[in-house]
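Student: I have a new model open and want to go through it with you. Can we start with a hairpin and work inwards?

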Amino acid sequence: MSPGATPPLTVAQGDVGDRIVERPRRVRTAVGTTDGDAFVFDLGAALTVDRMTLELPEVNTVAPVAWAARQDSQDPWHPIGSSIVYRLRQDAGETVNADFATSPLPIRYVRAGIDPRAGVGTKPPTLAARW
């Protein structure tokens, strides 16, 4: 083998874990503005978001959400999925929904269409976007 050459890999060993460990993520939050039966959020930059959730301002709230996203304020909205968001009182604390997972997309604007019968309260929710 010549000096400085990398030796060939012939064997690899490892252990299989009993759970998947998520990598640490960065988070950006944005307060929504009302747009009919939806809330629109501006993340301030196009971020490669792969998880998001709404932080609901009122306890005992459950709402179906139709998610849409775009990179520029003039682009059309592109549907990216749907989920249920909730914030419920449980025993001595609260329970909230898991993040909505999506394919990693460069997103600046997020639209959360909420069924008007859900009654999410008078304050807008906060979007927590993770990448």
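**Strands, core and rings**

Tutor: Strands β5 and β6 form a hairpin with two residues between them, and D91 in the turn has a positive phi of about 50 degrees. Strands here are DSSP runs (E, at least two residues), numbered from the N terminus, and helices are runs of H or I with at least four residues. This is a predicted model, where local features need pLDDT of at least 70 and side-chain atom pairs count only at pLDDT 80 or more, while totals for chains, interfaces and linings use all residues. Residues are numbered from 1 along each chain as its sequence is written, and side-chain values use heavy atoms, with hydrogens and water left out.

Student: In what sense do β5 and β6 pair, and over how many bridges?

Tutor: Antiparallel, over four bridges, with β6 covering residues 93-96. Two strands pair if DSSP finds at least two bridges between them.

Student: And which residue is the bridge partner of R87?

Tutor: V96, in β6.

Student: Moving on. Which residues touch the most other members of the largest nonpolar core?

Tutor: L43, M52, L54, W67 and L127, out of 24 residues in that core. Such a core is a set of buried Ala, Val, Leu, Ile, Met, Phe, Trp, Tyr and Cys residues joined through side-chain atoms within 4.5 Å. Buried means under 20% relative accessible area, exposed over 50%, and partly exposed in between (1.4 Å probe, protein chains only).

Student: Which strand gives the largest share?

Tutor: β3, with seven residues.

Student: What does M52 contact, leaving aside its neighbours within four places in sequence?

Tutor: Its contacts (heavy atoms within 4.5 Å) include W67, F100, I107 and L127.

Student: How many aromatic pairs does the structure hold?

Tutor: One. The ring centres of W67 and F100 are 5.5 Å apart and the planes are at 10 degrees, so the pair is stacked. Rings of Phe, Tyr and Trp (its six-membered ring) pair if their centres lie within 6.5 Å; planes under 30 degrees apart count as stacked, over 60 as edge-to-face and the rest as tilted.

Student: Are W67 and F100 buried or exposed?

Tutor: Both W67 and F100 are buried.

Student: New topic: which ring has the charged end of R70 over it, 5.8 Å from its centre?

Tutor: That of Y109. R70 also lies over the face of W77, 3.9 Å from the ring centre. The criterion is NZ of Lys or CZ of Arg within 6 Å of the ring centre and within 35 degrees of the ring normal.
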